[in-house]
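Work through the exercises below with the structure open. Try each task before you read its solution.

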Amino acid sequence: MRAGGVGRRGPWVVPPQQVVVAVMGGVELDLTEAVLTAQETEFRVVAIMGGVAITVPEGVVVKMEAFGIMGGTAGPAGDAPPGAPIVRITGIALMGGIDAPHE
C-alpha cells in the first residue's frame with residue numbers, strides 16, 4: 001500500500017454497491033479472497049489526483065465504464081462465460097487513474 005492510501009484485502013464481504021473516493025491518495029481493493037454478495041457488483045469511483053486499484057480474481061468479468069479527464073482507466077479486456085460474476089466500475093478519474101487488473 002502506498003503512503004497516503006487505504007486498502008482492503010483478505011476475506012471480506014463486498015456489498016452490491018460500493019462508493020470509492022481517492023483524492024490526492026490511493027485506494028487498493030483486493031477482491032481475490034472477498035465474497036461478492038450479488039451477481040453484479042458496482043463500484044462508483046472518483047479519483048482526483050489519486051488512484052484506485054481494484055484487483056479481481058480470474059473468472060470475474062470487469063466492465064470498465066469509468067472515464068478519465070487528464071487521467072486514465074484500465075481493465076482486462078475480453079468476455080467471460082455466461083453466469084460469471086460481474087464487477088462494474090463507473091465514475092471518473094480526474095488527473096488520476098482507475099485500474100482493475102486480474103490477480
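**Exercise 1. Which residues does R88 touch, not counting residues up to four places away in sequence?**

Step 1. Read off the partners of R88: E40, T41, E42, F43, K63 and E65.
Step 2. Check the ground rules. This is a predicted model, in which local features need pLDDT of at least 70, side-chain atom pairs count only at pLDDT 80 or more, and totals for chains, interfaces and linings use all residues. Residues are numbered from 1 along each chain as its sequence is written, and side-chain values use heavy atoms, with hydrogens and water left out.

**Exercise 2. Is R88 buried or exposed?**

Step 1. Recall the classes: buried is under 20% relative accessible area, exposed is over 50%, and partly exposed lies in between (1.4 Å probe, protein chains only).
Step 2. Take the value for R88, which is 18%.
Step 3. Conclude: R88 is buried, because its relative accessible area is 18%.

**Exercise 3. Which side chain makes a polar contact of 2.6 Å with the side chain of R88?**

Step 1. Define the term. A polar contact is a pair of N or O atoms within 3.5 Å; within protein, one must be able to donate a hydrogen and the other to accept it, and residues adjacent in sequence count only if both atoms are side-chain atoms.
Step 2. Name the partner: the side chain of E40.

**Exercise 4. Which strands pair with β11?**

Step 1. Locate R88 in strand β11, residues 86-94. Strands (E, at least two residues) are DSSP runs, numbered from the N terminus.
Step 2. Apply the pairing rule: DSSP must find at least two bridges between two strands.
Step 3. Take β6, which pairs with β11 in the parallel sense over nine bridges. Here E40 has I86 as its bridge partner, and T41 stands opposite V87.
Step 4. Take β8 (residues 61-64), which runs parallel to β11 and is joined to it by four bridges. K63 stands opposite R88.
Step 5. Take β9 (residues 67-69), with three bridges to β11, again parallel. G68 has A93 as its bridge partner.

Note on methods
Contact means heavy atoms within 4.5 Å.
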